[in-house]
Amino acid sequence: MTQPLEAGVVVHDLELMERFYREALGCVPVHRSHIPRSIGGPAGLGAPLLVVWLQVPCGMPSGTASGAAGEVPSGGRIKLIRPQADAAMPAPPVPPPVPLTARCGLSYLTFHLDDIAPVVAALPAAGARPLSSPVVVRARSRRISFWADPEGNVVELVDQRGGDRGAVTGGRLGPVESAP
């Protein structure tokens with residue numbers, strides 16, 4: 001590979017989704033582009049597109065989710081892709097959560113953090129919905145938490161604090177259920 005891995009997410013509301021990934025998860029916009037039909041069509045992408053590349057942060061101090069100066073990028077990027085052809089169409093309804101194993105294809109994006117607690121606490125206000133109860137589960141010396149972003153895409157948060165006796169549940173410290 002000559003460049004970092006990029007995962008593309010097709011979105012309906014580009015502003016909402018960019019704000020969510022920027023504010024809730026600390027991703028930093030690094031590039032915006034309009035892809036015309038003359039490129040998108042032959043490339044198999046379809047109609048004209050708007051694309052925003054977001055750098056996934058790394059090396060953040062514990063408890064932060066912001067793109068502070070001096071951070072080391074993770075090498076990963078998320079591309080938010082907005083087809084322009086359906087600009088007048090209403091947003092599709094957010095599908096109800098289904099178990100990840102009931103899905104085919106790309107299932108979720110994983111963010112490895114020093115401490116997932118502050119991010120978990122901020123996600124409801126950013127428009128995300130927890131996909132489990134309890135919200136945070138301890139599994140093999142890790143804490144994990146699955147969420148649906150504002151358009152229903154699944155986001156996993158992981159940290160190495162599974163040995164803790166408590167974890168965030170609904171934005172507050174509380175008991176954790178263990179996974180095998």
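This briefing describes the sheet, the nonpolar cores, the aromatic pairs and selected backbone features of the structure above. The model is a predicted one. It contains an open sheet of 4 strands in the order 1-4-3-2, with mixed pairing. Helix 1 lies across strand 2, strand 3 and strand 4 of the model. The largest nonpolar core has 28 residues, and a second, separate core has 5 residues.

**Sheet and strand pairing**

- The order of the open sheet is 1-4-3-2, and its pairing is mixed. Its edge strands are strand 1 and strand 2 (28-35), each of which pairs on one side only. From one strand to the next, the twist averages 20°.
- Strand 1 (residues 6-10) runs parallel to strand 4 (residues 77-83), and the two are joined over 5 bridges. Within this pairing, Val-10 stands opposite Ile-81 of strand 4.
- Strand 3 (residues 49-55) pairs with strand 4 in the antiparallel sense, over 7 bridges. Here the bridge partner of Trp-53 is Lys-79 in strand 4.
- Helix 1 runs at about 165° to strand 4, and lies across strand 2 and strand 3 as well.

- Gln-55 belongs to strand 3. Gln-55 counts as buried because its relative accessible area, 11%, is under the 20% cut-off.
- The side chain of Gln-55 reaches the backbone oxygen of Gly-76 at a distance of 3.1 Å.

**Nonpolar cores**

- Within the largest nonpolar core, of 28 residues, those with the most contacts are Tyr-21, Leu-25, Ile-78, Leu-80, Phe-111 and Leu-157. At least two residues of this core come from each of strand 1, helix 1 (14-23), strand 3, strand 4, strand 5, helix 3 (117-122) and strand 9 (154-159). Helix 1 supplies the largest share, 4 residues.
- Leaving aside residues up to four places away in sequence, Tyr-21 touches Gly-26, Cys-27, Leu-54, Ile-78, Leu-80, Leu-109, Phe-111, Asp-149, Asn-153 and Val-155.

**Aromatic pairs**

- The structure holds 3 aromatic pairs. In one of them, the rings of Phe-20 and Tyr-21 have centres 5.0 Å apart and planes at 90°, so the pair is edge-to-face.
- Both partners of that pair are buried: Phe-20 has a relative accessibility of 3%, and Tyr-21 has one of 0%.
- The rings of Tyr-108 and Phe-146 likewise have centres 5.0 Å apart and planes at 90°, so this pair is edge-to-face. The pair links distant parts of the chain, with Tyr-108 in strand 5 (residues 108-112) and Phe-146 in strand 8, 38 residues apart.
- Tyr-108 is partly exposed, at a relative accessible area of 33%, whereas Phe-146 is buried, at 18%.
- Ring pairs also join Phe-20, Tyr-21 and Phe-111 into a cluster. Tyr-21 and Phe-111 are among the residues with the most contacts inside the largest core.

**Backbone features**

- Most residues other than glycine have a negative phi, and most peptide bonds are trans. The residues below depart from one or the other of these patterns.
- The peptide bond from Ser-133 to Pro-134 is cis, with omega near 5°. Pro-134 lies in the loop that joins strand 6 (129-130) and strand 7 (137-139).
- Arg-140 is not a glycine, yet has a positive phi of about 50°. Arg-140 is located in the loop between strand 7 and strand 8 (142-148). With a relative accessible area of 65%, Arg-140 is exposed.
- Ser-141 also has a positive phi, near 65°, and is a residue other than glycine. The loop between strand 7 and strand 8 contains Ser-141. Its relative accessible area is 48%, so Ser-141 is partly exposed.

Methods:
Residues are numbered from 1 along each chain as its sequence is written. This is a predicted model: local features need pLDDT of at least 70, side-chain atom pairs count only at pLDDT 80 or more; totals for chains, interfaces and linings use all residues. Side-chain values use heavy atoms; hydrogens and water are left out. Two strands pair if DSSP finds at least two bridges between them. Buried means under 20% relative accessible area, exposed over 50%, partly exposed in between (1.4 Å probe, protein chains only). A polar contact is a pair of N or O atoms within 3.5 Å; within protein, one must be able to donate a hydrogen and the other to accept it, and residues adjacent in sequence count only if both atoms are side-chain atoms. Rings of Phe, Tyr and Trp (its six-membered ring) pair if their centres lie within 6.5 Å; planes under 30 degrees apart count as stacked, over 60 as edge-to-face and the rest as tilted. A nonpolar core is a set of buried Ala, Val, Leu, Ile, Met, Phe, Trp, Tyr and Cys residues joined through side-chain atoms within 4.5 Å. Contact means heavy atoms within 4.5 Å. Axes are lines fitted to C-alpha atoms, for helices over the stretch in contact, and angles run from 0 to 180 degrees between N-to-C directions.
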